[in-house]
Amino acid sequence: MAQKLKLHSPVGAEPLILKWPVATSEGKEGPEEIVDTIRLVCDDFSELKTALETKILKPGEDVSSYDYEQTKSLCERYNKAIEGIRQLMKGSAKQRQFNKRASMMQLKHILQQCYNHSVTDPEKLNHYEPFSPEVYGETSFELVEQMIKSVKFTESDYFIDLGSGVGQVILQVSAATNCKFCYGVEKAEWPAEYAVGMEREFHRWMKWYGKEHGDFLIEKGDFLHDDVKEKLNKATIVFVNNFAFGPVVDHELKQRFANCLKEGARIVSSKAFCPLNFRITERNLSDIGTIMTVEELSPLCGAVSWTGKPFAYYVHTIDRTLLEKYFIRLKNPAKRDELEPRKDRKGRPVLSIKEKINGALSAGSDSNSNGRWRRVRGSQRENDSPPSVTAAKVLDFDSNSNSSFTNSTTNSAVTEDSGTVIFGPTTRRQWNEYVKKPQSQSGTENDNDSSTADAVTETKVKEVSKQLKQKKKRMKTVKRLNNGALGMRQMQGKSINSYSIGFLPFKEEHIQIVSNFIP
């Protein structure tokens with residue numbers, strides 16, 4: 001005859017009948033699971049906590065080593081204590097009010113017990129074709145909790161889990177949210193069979209604790225079937241663990257999302273359906289990224305069963321106005337320059353170089369002697385002597401309107417923030433050298449460095465420009481000689497600056513003479 005244990009319900013529901021040895025989770029023994037079950041009753045019945053510590057549990061004893069008789073005696077002491085509490089509640093004029101929704105600790109324990117009593121052989125969950133879309137993987141309780149907090153379910157939401165496995169996600173969402181309806185579909189045989197047992201155990205444990213949950217349905221089927229397409233038309237939140245899906249299944253899902261999901265619907269997936277920095281262009285108008293926005297949830301350790309490393313999920317929101325705005329910009333010439341904000345691979349906005357420079361400058365102040373840029377307000381500029389160097393424009397490397405040098409008559413550059421005047425290098429090369437130059441230690445030396453760096457006169461700029469043009473001209477001349485009939489080559493034993501025309505030495509000063517005769 002099988003040995004059984006009985007635990008009375010704190011709310012008067014049917015008692016739990018547990019077979020000995022009790023089904024356990026990893027790292028725990030059967031008696032410890034029973035003690036955890038009793039402890040979570042204390043969340044709603046504080047009177048039981050004192051009885052648990054003084055009468056039910058014996059001080060100094062290791063519960064994990066209890067045998068059947070000791071565990072049975074523990075259950076009887078609990079049953080006696082909870083019945084006494086319930087009798088006191090019936091005799092009181094004021095009825096006890098407790099939360100009808102399970103706490104996160106209670107819900108996690110309930111789902112773990114459902115799994116322990118339903119999934120009798122976890123190895124059968126791994127019976128699938130390798131490298132196929134039917135690869136089985138489980139999502140942790142903590143990750144689903146993170147999704148619930150991020151997505152923020154409402155009473156009008158219709159939740160669908162595509163590839164629901166044994167159904168933990170559906171059960172957790174139905175118990176932790178006020179979602180209108182939850183639907184899960186699973187194609188694989190063993191997960192779908194275990195899901196039936198999970199559903200049965202879930203109802204039993206929730207009633208025992210006196211907790212409520214929303215309506216849900218878990219069934220076996222293919223989420224690419226037309227029956228599921230009809231349910232997608234109602235869905236407002238879709239969960240899909242598509243990490244192991246191939247390109248064919250992903251493409252099918254994208255088509256269904258684009259055709260079935262309503263505006264504002266959200267998709268939570270283990271792999272993004274489009275890049276986080278997706279930008280609409282004329283080449284990708286058929287991509288699903290044109291009608292959705294994507295954000296990444298914070299990575300969690302142990303979030304999934306196939307890796308212990310931090311793993312992140314993605315939340316997509318259907319927004320067809322993105323494509324509409326794109327075509328409006330194309331049709332309206334005045335709005336063509338209003339491009340989408342650029343994003344990096346993490347989906348974060350990317351500032352242009354102009355915005356970065358101006359943002360860095362706005363953090364500085366005129367009184368800061370360590371700053372390498374001097375900022376002058378409009379009222380102060382009137383009292384200061386005019387600068388002796390050409391001022392830099394507000395650098396905008398993203399624009400084609402930048403010129404290498406400013407007009408010699410222009411002594412200052414005023415930013416769009418009104419009143420801020422910036423002095424500095426005028427070319428990209430000077431800017432690069434200016435930034436790489438190390439700062440001095442004292443404030444006086446900093447001022448001298450700043451003045452020296454800014455003192456790029458127009459005369460010096462012209463000299464450098466002239467030298468560059470002469471060098472470029474000489475290089476062109478050498479190239480012509482090399483490609484022409486004269487055939488320039490370096491003579492053995494001659495200096496590096498010597499070239500040859502035939503067998504005659506040909507030096508740099510000769511190049512200048514020859515270049516005068518070459519058109």
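User: Is N79 buried or exposed?
Analyst: N79 is buried, with a relative accessible area of 9%. Buried means under 20% relative accessible area, exposed over 50%, and partly exposed in between, with a 1.4 Å probe and protein chains only. This is a predicted model, where local features need pLDDT of at least 70, side-chain atom pairs count only at pLDDT 80 or more, and totals for chains, interfaces and linings use all residues. Residues are numbered from 1 along each chain as its sequence is written, and side-chain values use heavy atoms, with hydrogens and water left out.

User: Where is N79 found, and what does N79 touch?
Analyst: N79 is found in helix 3, residues 68-91. Helices (H or I, at least four residues) and strands (E, at least two) are DSSP runs, numbered from the N terminus. Leaving out residues up to four places away in sequence, N79 touches K6, L7 and H8; contact means heavy atoms within 4.5 Å.

User: Switching to helix 2. Which residues are buried there?
Analyst: In helix 2 (residues 47-56), they are L48, A51, L52 and I56. They cover an arc of only 105° around the axis, so they lie on the same side of helix 2. The arc is that of the directions from the helix axis to the C-beta atoms.

User: And which exposed residues does the face turned away carry?
Analyst: That face of helix 2 carries K49, T50 and T54.

User: What about the peptide bond from W20 to P21?
Analyst: That bond is cis, with omega near 0°. Most peptide bonds are trans. P21 sits in the loop between strand 2 (16-19) and helix 1 (30-41).
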